[in-house]
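These are my notebook entries on a structure that I had not examined before. I record what I looked up, entry by entry.

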Amino acid sequence: MRIALTAVTRSDGGTGHWRPEEATLATKNPNNLLRGYRERLFGTQAAMAEAANEHLAPTYLLTANHIGKLERGVVDRPSAPRRSALRTICGVQTDAEIGFEKHKRQAGVPLPSRFLATEALPSTGPAAVVAVSTDKPNPNLTSASMPAGWRIVGYLAVRDEAQLPAELSIVAASAAQQVPGETIIPPPSPPVPDLGDYPSGEWNSFLTVTRLLASQRQAVAPAALLSLVEAHRDCLAMLFRQAEYDPLRSHIGAMVAEASIVASRLWSAQGNRPMALAHCARARQLGDDLGNHALAATARIFESNLRSDAATLIGRSGDIADGLRLLQEAQALSADLGPTAQARLAAEQAQIFAVLKLTRECDDALERARVAAAGIAERDRSGLFSDWNASRLGVYEGTCRLFLGEPKRAAQLLEQAVEQFSSDSSNVNVGLAAQVDLASAYAQTEDLDKSCAILGDAYGKLVAIGNQRGVDRAERARERLNPWNSERVVRDLDERMVACRAA
């Protein structure tokens, strides 16, 4: 069996997609018992749905379409709340009396093909399709089965005219060297330390893609990754809308939320704050609706970063109080968080306290972050928190000292962080953020030569990879040099920054 996520963009900027042939499903058995109760007691499917909704929470409300699917056997066992509501209005005690027998999915029966592919949003990036194998070692997708104009590259399917983005080499690293007839070994299942348990088997490929894309957001140019992430999120959202019962519905909803947070970070990196906030808010709402405390807390951590505009050294659009409120809400839900999320939560709190010049509160939060970071194991560093370790905390500590008016201590901490991240290709953006803050620290010590040299280098790299969030951070750092605008070295920096933008 094969579950595929597709993200397709053509060289002309348009979109296209490929859908596998409709899978053959087991014969559906109409639910005549439910139909009989509906016809006798309610008449129309809409009336039955309306009666059931009086006993349901908003998340589980039914429509006439839902009742029709139940009667036709398209859905043979809805969620527990819906079964309970239907039993109540039909006046029965057991599920069997209204045709909802306990069952297990027949082994080997594939999902409908509408679950197998989704079209990407338009993009200026190169064309590519990502297709991740699941529990079957020999997927059926081969060059012979592909439509005209497509080819197989390992477990990637791409258009003939497409060139795979260099930044996505990790996705196809081992697969690209295999010929289509070889057995393809799917990526290992990542650990799930922070956001709850997920189903295994055929659904694990969606989790694999979610975590893989999330782990690349610090290393891959945002524009190269965003269309893939949005395509994956849309695919999961479609599955979530189709899911009728728990626990599967909750599992898919959690993956929708996680993918939404990843998309939020990429929209933010491209400078689109409204889209970034919308995605994070959606993730927060899903976490709350599903009762998933770890997910709800994680969404609040990342939304706080956006609300306070901390990523741009507390930019003009930020609301520090709103950001701190979200972090307090996250802390109240943090019992289910792993050490990476706990460390980031405390570090974000420390940064806001530092901006407010609350030294004691900042130091207390940093100590909590150190304790959490000390407990981080390799298995904890996945997905949204793949970039977290003690070195990442060093960047936060240096930035806090900068805000607290301790530039020399800030420079020492940030110099160490820059050196540690200089050889870490998986955390390019974090290393550049550390450089920008180091330039600000040198500016406060009036070492203009070092400040301008470091800031100019970081700015050029941020512009080149299209990280608008980082560019904004660097421009805020340039403002800290305003007292020395007449100095030659500062004027040279301005010329360098203008040249970078023009290029």
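**Entry 1. Cysteines**

I first asked: is Cys280 buried or exposed? Cys280 counts as buried, because its relative accessibility is 0%; buried means under 20% relative accessible area, exposed over 50%, and partly exposed in between, with a 1.4 Å probe and protein chains only. I note that this is a predicted model, in which local features need pLDDT of at least 70 and side-chain atom pairs count only at pLDDT 80 or more, while totals for chains, interfaces and linings use all residues. Residues are numbered from 1 along each chain as its sequence is written, and side-chain values use heavy atoms, with hydrogens and water left out.

I then looked up Cys90, which is buried as well, with a relative accessible area of 8%. A disulfide is a covalent bond between the sulfur atoms of two cysteines. I searched the whole structure for disulfides and found zero; the criterion is a pair of cysteine sulfur atoms within 2.5 Å.

**Entry 2. The chain as a whole**

I recorded 19 helices and three strands in the protein chain. Helices (H or I, at least four residues) and strands (E, at least two) are DSSP runs, numbered from the N terminus. Of the 503 residues in the protein chain, 56% are buried. I also looked up contacts, meaning heavy atoms within 4.5 Å. Among contacts in the protein chain with a separation of 6 or more, 68% join residues 24 or more positions apart.

**Entry 3. Ala299**

I located Ala299 in helix α10, residues 293-307. Ala299 is buried, since its relative accessible area is 0%. Which residues does Ala299 contact, leaving aside its neighbours within four places in sequence? I found Ile261, Cys280, Ala283 and Arg284. I also noted Gly287, which is 12 residues from Ala299 in sequence and 7.8 Å away in space, C-alpha to C-alpha.

**Entry 4. Helices α11 and α12**

I looked up how α11 (residues 320-332) packs with α12 (residues 339-355): the angle is about 150° and the axes are 10 Å apart. Axes are lines fitted to C-alpha atoms, for helices over the stretch in contact, and angles run from 0 to 180 degrees between N-to-C directions. The angle therefore makes α11 roughly antiparallel to α12; angles under 35 degrees count as roughly parallel, over 145 as roughly antiparallel, 65 to 115 as roughly perpendicular and the rest as oblique.

The contact involves Ile320, Gly323, Leu324, Leu327, Gln328, Ala330 and Gln331 of α11, together with Leu345, Glu348, Gln349, Ile352, Phe353 and Val355 of α12. By class, I recorded eight nonpolar, four polar and one charged residues in the contact of α11 with α12. Ala, Val, Leu, Ile, Met, Phe, Trp, Tyr, Cys and Pro count as nonpolar, Asp, Glu, Lys and Arg as charged, and the others, Gly among them, as polar.

I placed Lys357 in the loop between α12 and α13 (359-374). Lys357 is exposed, because its relative accessible area is 52%. Its phi is positive, near 60°, in a residue other than glycine. Most residues other than glycine have a negative phi.

I next looked up α13 and helix α14 (residues 390-403), whose axes come within 11 Å and cross at roughly 170°. This crossing makes α13 roughly antiparallel to α14. Among the residues in contact are Cys362 and Leu366 of α13 and Leu393 and Cys400 of α14. I recorded six nonpolar, no polar and four charged residues in the contact of α13 with α14.

**Entry 5. Helices α16 and α17**

At what angle do helix α16 (residues 428-444) and helix α17 (residues 448-465) cross? I found roughly 150°, with the axes coming within 8 Å. That angle makes α16 roughly antiparallel to α17. The contact includes Leu432, Val436 and Tyr442 of α16 and Lys450, Ile454 and Leu462 of α17. By class, the contact of α16 with α17 has 11 nonpolar, three polar and three charged residues.

In the loop between α16 and α17 I located Glu446. Glu446 has a positive phi of about 65° although it is not a glycine. Glu446 is exposed, with a relative accessible area of 56%.

Lastly, I looked up Lys450 in helix α17. Lys450 counts as partly exposed, because its relative accessibility is 42%. The C-alpha atoms of Lys450 and Val489 are separated by 9.8 Å, and the two residues are 39 apart along the chain.
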